[in-house]
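Me: Hi! Could you walk me through the helix packing and the chain contact in this one? I have it open on my screen.

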Amino acid sequence: MSLDLIIEAKDVAKWYGAFQVLKDINLTVRKGERIVVCGPSGSGKSTLIRCFNRLEAHQQGEITVNGITLHDKMRNVAEVRKYVGMVFQHFNLFPHMTVLMNCMVGPMWIKGVSAAEAKKTALRFLERVRIPEQANKYPAQLSGGQQQRVAIARSLCMEPAVMLFDEPTSALDPEMVSEVLDTMTSLARDGMTMVCVTHEMGFARAVADRVIFMNAGQIVEEGTPQAFFTNPQNERTKLFISQILKH
Amino acid sequence: MLYPDTVEAEVLVHKPWFVATMFAVILAAFLAFNLTGTTMGDLMRPVIGDPLQSGLYGRFAVAFVVAVIFSLNVVLIGFAPLKVQIAIVWLELLVLFLGFFETFHLSLPFIWEKLPFLITQGAVTTLYVSAISIVIASVIAILGAVAKLSTNGFAYAIASFYTSFFRGLPLLMQVYLIYLGLPQLGFVIDAVPAGILALSLCYGAYMTEIFRSGIQSIDRGQWEASRSMGFGFGITMRRIILPQALPVIIPPTGNQFISMLKDSSLVSVIGVWELMFLARTLGQKTFQHMEMLISTAMIYWIMSICLELIQSRIERHYARSKVR
């Protein structure tokens with residue numbers, strides 16, 4: 001395996017009971033690559049990226065993240081999660097901590113960084129997502145877009161090798177979508193490796209190196225945004241694109 | 001607070017039908033008893049003459065006056081702002097209660113004589129027995145809740161057997177079983193430790209369920225966020241889940257604490273000199289049972305009120321992160 005591979009999935013399969021959610025998934029993510037995963041709901045895209053930090057376990061095949069192979073007798077998941085940041089649809093900030101603490105606890109409790117050091121890092125990344133002035137508020141006092149940007153900052157504080165985004169804008173008001181997408185775009189510009197499950201096609205077109213289309217647990221199409229939007233090959237992809245561009 | 005709707009409503013106690021109904025009910029209730037022989041009848045002597053000779057007229061007059069005073073009182077309180085209303089009603093109920101106790105003709109000197117011992121021996125014992133039990137019960141509850149939520153078969157089986165058993169037996173029986181049963185196995189145990197053990201085990205079982213439901217009330221996303229940052233089970237539980245579960249856990253736990261304070265009276269059966277034990281024994285020699293029972297009741301009540309206040313303080317503390 002070459003060194004600049006961050007994520008490598010080989011023949012990955014997963015079942016929920018008798019229902020197969022992932023089928024023959026083969027995917028590689030290189031360092032600095034931005035990948036957008038899209039597809040109809042229930043196609044397994046969230047499940048796939050949740051396998052990358054082992055919030056879900058796959059049952060067949062092999063996933064290697066940053067040089068560590070995830071398998072069914074996984075002991076040291078924490079080691080993998082150190083290098084993988086995740087941003088959730090519903091933010092999942094810790095509501096009993098201030099914004100600042102939300103960003104500080106990762107480095108403090110995982111890496112053993114001192115509080116002063118963690119605070120400096122946290123403020124730097126809050127600056128980065130342009131909300132340093134909210135540092136001492138509680139998450140409930142912030143708007144959805146602000147909360148999601150804090151969630152991004154919280155992940156960045158761990159200085160991850162790859163960021164996973166699980167529909168980060170789906171729970172937001174239309175007006176707040178763009179502030180989150182702006183943050184993500186600027187992250188991409190700085191060379192962060194990203195895997196985003198999203199339906200924001202504008203974002204995919206502008207930022208993605210590759211777009212992956214999933215249907216019924218399989219990757220059915222994979223290509224540059226240009227090829228994906230203008231010349232889709234698969235019937236299901238064509239239907240999907242025509243549906244989302246209709247309105 | 002219940003959900004306060006924005007509809008303007010007339011005050012209930014000022015509605016004519018309500019006042020009329022209230023008046024009628026009170027009048028009827030007091031007509032049913034002959035109160036002419038009481039202080040009330042004596043006070044009305046100028047109107048009804050000799051109370052004992054006044055007959056049906058006297059009876060009606062007394063009931064009528066009581067009903068008027070009661071209704072007027074309620075209507076007037078209706079004009080006051082909320083906080084004043086609460087204070088006045090509390091005060092009036094308290095006065096009525098004291099008046100009720102007054103009718104026992106309690107011997108105050110006897111109470112004053114026994115009160116210091118009642119407090120230094122009884123209340124102190126009750127307090128420390130409950131306090132220690134509360135701490136042990138909380139520890140058991142956290143362990144039990146985690147065990148009941150775990151996928152480890154042994155942990156789950158032991159925890160569910162424990163909660164089932166100790167919730168299933170009367171506390172009084174547990175006290176007896178531990179105090180009289182353990183010596184049969186060779187562990188001779190003093191009355192106080194036996195009482196503490198019984199209270200801790202019993203309340204630990206109830207509180208296990210409270211803690212379990214509190215932990216389960218936390219959104220799955222919190223677990224996922226915590227685990228995805230690399231936090232292990234210990235940190236996730238201690239620093240992420242439990243602090244959020246506490247506001248859910250505290251009101252019913254406060255309830256349990258107050259209830260435990262009073263259930264600690266059950267350990268009096270094995271001879272622990274706590275409040276209830278003293279209440280039953282101190283008045284025995286001179287047949288002044290009521291004096292001791294009522295003073296003890298007051299002491300229990302005051303201690304419960306203290307616990308209520310502490311509980312509401314803690315609840316306010318945890319409401320911080322809910323501000324908008």
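Me: At what angle do the axes of helix H7 and helix H9 of chain B cross?

Reply: In this predicted model, the axes of H7 (residues 153-168) and H9 (residues 191-216) of chain B cross at roughly 120 degrees and come within 8 Å. Helices are DSSP runs of H or I, at least four residues, with strands being E runs of at least two, numbered from the N terminus. The axes are lines fitted to C-alpha atoms, for helices over the stretch in contact, and angles run from 0 to 180 degrees between N-to-C directions.

Me: Before I go on, what should I know about numbering and confidence?

Reply: Residues are numbered from 1 along each chain as its sequence is written, and chains are lettered from A and ligands numbered from 1 in the order in which they are written. This is a predicted model, where local features need pLDDT of at least 70 and side-chain atom pairs count only at pLDDT 80 or more, while totals for chains, interfaces and linings use all residues, and side-chain values use heavy atoms, with hydrogens and water left out.

Me: Thanks! What do you call the arrangement of H7(B) and H9(B)?

Reply: They are oblique to each other. Under 35 degrees counts as roughly parallel, over 145 as roughly antiparallel, 65 to 115 as roughly perpendicular and the rest as oblique.

Me: And which residues meet there?

Reply: From H7(B), B:Tyr162, B:Thr163, B:Phe166 and B:Arg167 meet residues of H9(B) including B:Leu201, B:Tyr206 and B:Glu209; contact means heavy atoms within 4.5 Å. By class, the contact of H7(B) with H9(B) has six nonpolar, four polar and two charged residues. Here Ala, Val, Leu, Ile, Met, Phe, Trp, Tyr, Cys and Pro count as nonpolar, Asp, Glu, Lys and Arg as charged, and the others, Gly among them, as polar.

Me: What about H6(B) and H12(B), how do they pack?

Reply: H6(B) and H12(B) (residues 275-282) pack at about 150 degrees, with axes 8 Å apart, so they are roughly antiparallel. B:Phe110, B:Phe117 and B:Leu118 are among the H6(B) residues there, and H12(B) brings B:Leu275, B:Leu278, B:Ala279 and B:Leu282.

Me: Switching topic: how many residues does each chain put into the contact between A and B?

Reply: Chain A gives 24 residues and chain B gives 21. The buried area is about 2,000 Å², with 63% from carbon and sulfur atoms; that is accessible area (1.4 Å probe) the two parts lose on being put together, summed over both. On the chain A side, A:Phe94, A:His96 and A:Trp109 lose the most area to chain B, together 30% of what that side buries.

Me: How many salt bridges are there between the chains?

Reply: One. A:Arg50 and B:Glu224 meet through their side chains at 2.6 Å, N to O; a salt bridge is a side-chain nitrogen of Lys or Arg within 4 Å of a carboxyl oxygen of Asp or Glu.

Me: And over all chains?

Reply: The whole structure has 18. One of them joins A:Lys238 and A:Glu235 at 3.5 Å, N to O, and both residues lie in helix H9 (residues 235-245) of chain A, three residues apart, about one turn of the helix.
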